[in-house]
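Let's take a friendly walk through a protein, one piece at a time.

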Amino acid sequence: MAGSWWMCCRRLKGGFTTSGLTETLRCFSGQSAYSSASPTARPSWSSAPGKERPLFPAQIHSKALNLNPSLLRHRSSSLYPTLRYCGCRTMHSDAKLRDPFTLAQKDLTSLYDDIKKELFVAKTELKYLCDYYFDGRGKAIRPIIVILMARAMNIHSNRAGDLLPGQRTIAMISEMIHTASLVHDDVIDGSDERRGKKSINDVWGERKAILAGDFILSAATMALARIGNSAVVKVVSQVIEDLVRGEFMQLGSKENENERFKHYLEKTYKKTASLMAHSCKAVSILVNSDPEVHEIAYQYGKNVGIAFQLVDDVLDFTSGAEQLGKPAAADLKLGLATGPVLFACQQFPELHAMIMRRFSSKGDVDRAWQYVLQSDGVQQTTYLARRYCEEAIRQISRLRPSPERDALIRLTEIVLSRDK
């Protein structure tokens, strides 16, 4: 009894091009597909002519993720008319990809020290709580993406590659908002471990943890206000709204299995991808007035963000607690049905009842774990993450070539291959 979204994911795995666009869009959204596609494909910096443009999950779920419908259409115009379009699978085979961590290291070096300066307070205990996670032990993936995007946008806009002060502040803010959300998440989930050490709520209690998270958010908003750009303030403020809405979505579930996957992807966008997407868009606004360029930055961040969370959901089943820095099977224990579980439902329908009772009955977590590992849920989720990364590559490849742009392409490979 396969749901319609499941059949479409199977069709995705089997491979297809724009000739099946109408059927597939109806399959995912129940709506008519756009029919005004231009015969001219969107160009890209790298060339592999003759490839038809594939359909990506980010486009399929455009309604759920509030995407611009125009992105579903081919376009006859480009940022640079001399370029030719290529398919993402063959993109940048000849590009000299740069290491994103090396390129961003210069600006990352003092990032955490600057954050601690923003969090300066006279009360020793509050300061220690706020500094607890800013010890440089995190992945820092968000500020790395923002730094690289800012530099790539500067070069694309015919400026020097160095960060503007406001762009660097946005990189700092992205890590502050993310960390505050982790502090609050640990309280909601009752987690006792984060980044390989005891969580703030486990050490100091829930009340102080909540206050520490609130204080980090307040410091981030003050730093945002100092940038002095109303458009940037509006864009970054959307992140906080999305985080709250995403958390509420996570508290609920959909009875209809065809709606459940869309609900999962939208929640994933709001809780994880929105921060990356809007931070990337914000740094582009500071250097370029073209809305199309802003959309490129946003789309890259959104697609990488969704892929990042999909891989994270896979790692919950494939990596041990020592690698993750948090307990394995944490999502199942919290009653959450992530991508691997939703895909596994098609081979093990008994998972549906477990999902609706949030794996609360004795033995549910262990049985669900086994069902996922016996199914191809992990492989299907990994494949879906790869498709989102392909779309991120397609978007960022529209920018002028630069080491930072190529590093952002390389970053998609790192997102897919990470083990923690």
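Now step back to see the whole molecule. Keep in mind that this is a predicted model. The protein contains 20 helices and two strands. Of its 420 residues, 58% are buried. Its accessible surface is about 17,500 Å², and carbon and sulfur atoms account for 51% of that area. If you take the contacts between residues at least 6 apart in sequence, 77% of them join residues at least 24 apart.

Next, let's see how some helices pack. Begin with H6 (124–131) and helix H10, made of residues 206–227. Their axes are 9 Å apart, and the packing angle is about 75 degrees. Angles from 65 to 115 degrees count as roughly perpendicular, and that is why H6 is described as roughly perpendicular to H10. On the H6 side, Glu-125, Leu-126, Leu-129 and Cys-130 meet Lys-208, Ala-209, Ala-212, Phe-215 and Ile-216 of H10. Sorted by class, this contact has seven nonpolar residues, two charged ones and no polar ones.

Move along to helix H20, residues 403–417, and to helix H13, residues 291–318. The axes of these two come within 9 Å and cross at roughly 15 degrees. Angles under 35 degrees count as roughly parallel, so H13 and H20 are roughly parallel to each other. Their crossing is left-handed. H13 brings Tyr-300, Val-304, Ala-307, Phe-308 and Val-311 to the contact, and H20 brings Leu-408, Ile-409, Leu-411, Thr-412, Val-415 and Leu-416. What classes of residue make up this contact? There are 10 nonpolar residues and one polar residue, with no charged residues.

H20 has another partner to look at: helix H19, residues 377–396, whose axis comes within 10 Å of the H20 axis and crosses it at roughly 180 degrees. An angle over 145 degrees counts as roughly antiparallel, and H19 and H20 are therefore roughly antiparallel to each other. From H19, the contact uses Ala-385, Arg-386, Cys-389, Ala-392, Ile-393 and Ile-396; from H20, it uses Arg-405, Leu-408, Ile-409, Thr-412, Val-415 and Leu-416. The classes are nine nonpolar, one polar and two charged residues.

Finally, let's visit two loops. Most residues other than glycine have a negative phi. Ala-140 is not a glycine, yet its phi is positive, at about 55 degrees. You will find Ala-140 in the loop between H6 and helix H7 (141–156). With a relative accessible area of 10%, Ala-140 is buried. Asn-158, in the loop between H7 and H8, likewise has a positive phi, near 65 degrees. Is Asn-158 buried or exposed? Its relative accessibility is 63%, so Asn-158 counts as exposed.

Notes
Residues numbered from 1 in each chain as written. Predicted model: local features only at pLDDT ≥ 70, side-chain atom pairs only at ≥ 80, totals over all residues. Heavy atoms only, no water. Axes fitted to C-alpha atoms, helices over the stretch in contact; angles between N-to-C directions. Helix = DSSP H or I, 4+ residues; strand = E, 2+ residues; numbered from the N terminus. Left-handed = near helix turned anticlockwise from the far one by under 90°. Contact = heavy atoms within 4.5 Å. Nonpolar A, V, L, I, M, F, W, Y, C, P; charged D, E, K, R; others polar. Buried < 20%, exposed > 50% of the residue type's maximum accessible area, 1.4 Å probe, protein only. Areas by Shrake-Rupley, 256 points an atom, 1.4 Å probe, with all protein chains shown as cover.
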